Amino acid sequence: MLEGRAIAAEPLIRVENLAKHFPVTRGLLIARTTGQVKAVDGISFTIGRQETLGLVGESGCGKTTTSRLLLRLERPTAGRVLLDGRDVHALTGADLSQYHTRVQAVFQDPWSSLNPRLRIRDTIAEALIVNRRVTRAGKLERVEEVLHQVGLPLAAASRYPHEFSGGQRQRIALASALASDPELIVLDEPVSALDVSIRAQIMNLLKDLQVRQQLSYLLVAHNLATVRYIAHRTAVMYLGRIVEHADTESLYRGPLHPYTKALFSAALPADPDAPREDMILSGEVPSPIDPPSGCHFHPRCPFAMEQCSRVAPALKAVASGHQVSCHLY
């Protein structure tokens, strides 16, 4: 699916034991904490230069919270996010501004991610104005440059968001992210709100930009086909934890964790006639307020053993570049 390339040994982003717990409170006048939602519960991964890491899992598994932690929209309860070895949540002043130029985001809904009152040129230039000192001529030159990169005419700069289709709006959002010449773009469901006919165009554009602009991506998505097409590596999350992590093709051809197998089994196959292993899960996804002890997946797992309810399995390597968190291995 993806062209081979040399990835630098030292990663751009390193996430170490990252956790985010949200307090659950009750009471109107006197609020008291009654529990915690463990949205992200001690995860670790890296993103290399010019590499795409895909995060997949059911709704509520912690994917979006993870992306918000990388964007500094949330502060971690524990753990660190390191950019070139520096803790991004400890950055201040000029270092923080530099971080915002190096890390940008494209969100799911192109209809709500753009300010309807701003012309496209002002939306795209916003990251430049906030984080860098640029002249008016330099700003306009950069706007024209990124519009060309995403395949939009220069005339688009003077128009408003409502004058564009959904696919064009997502190109504008991508142009806005590119304006500060970032190294990492967080893609949170970048094509899920688009028509099927437009999705392939945007996915091909993302791959092309990655090569030309030497970008890294964190791709958060429900659609497994999208992740397989774009991501070099894929991590599978369940109730705030990473349960499997491998090269994308290795994972899709031979998933190991029972949850990963069930997730792939529930997806529509690219070839309806191809043999496949169907796995139907019992029960509902447990509440993140009171997750099961041991392995969070054990109440729904058809292969659960006695120790699964007591001991949380560590994420360990079972093959070259393939990690799984399961007592079966």
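Where does Phe-303 lie in this structure? The close-ups below come from a predicted model, and the last of them returns to this residue.

**View 1. Arg-169 is a buried residue without a salt bridge.** Arg-169 sits in helix H5, which covers residues 166-178. The nearest side chain of opposite charge belongs to Asp-109, and it is 6.7 Å away. Look around Arg-169 and you can find its contacts: leaving aside residues up to four places away in sequence, it touches Pro-110, Trp-111, Leu-114, Pro-161, His-162 and Phe-164.

**View 2. Strand S10 pairs with strand S9 in the antiparallel sense.** S9 spans residues 233-238, while S10 spans residues 241-247. Six bridges join the two strands, and one to look for links Arg-233 with its partner Asp-247 in S10. Two residues lie between the strands of this hairpin, where Leu-239 takes a positive phi near 50 degrees.

**View 3. Strand S10 also pairs with strand S12.** Here, too, the pairing is antiparallel, over two bridges, and S12 is made of residues 322-324. Follow Glu-244 across to find its bridge partner, Val-324 in S12. S10 is mostly covered, with five of its seven residues buried.

**View 4. Phe-303 is part of a nonpolar patch on the surface.** To come back to the opening question, Phe-303 lies in the loop between helix H9 (258-266) and strand S11 (316-319). Its relative accessible area is 38%, so Phe-303 counts as partly exposed. Met-305, Val-318, Leu-328 and Tyr-329 form the patch with Phe-303, and together these residues have about 400 Å² of accessible area.

Technical notes: Residues numbered from 1 in each chain as written. Predicted model: local features only at pLDDT ≥ 70, side-chain atom pairs only at ≥ 80, totals over all residues. Heavy atoms only, no water. Helix = DSSP H or I, 4+ residues; strand = E, 2+ residues; numbered from the N terminus. Buried < 20%, exposed > 50% of the residue type's maximum accessible area, 1.4 Å probe, protein only. Lys, Arg positive; Asp, Glu negative; His and termini not counted. Salt bridge = Lys/Arg side-chain N within 4 Å of Asp/Glu carboxyl O. Contact = heavy atoms within 4.5 Å. Patch = residues over 30% accessible without salt bridge, like charges linked within 9 Å, V, L, I, M, F, W, Y side chains within 5 Å. Areas by Shrake-Rupley, 256 points an atom, 1.4 Å probe, with all protein chains shown as cover. Pairing = 2+ DSSP bridges.
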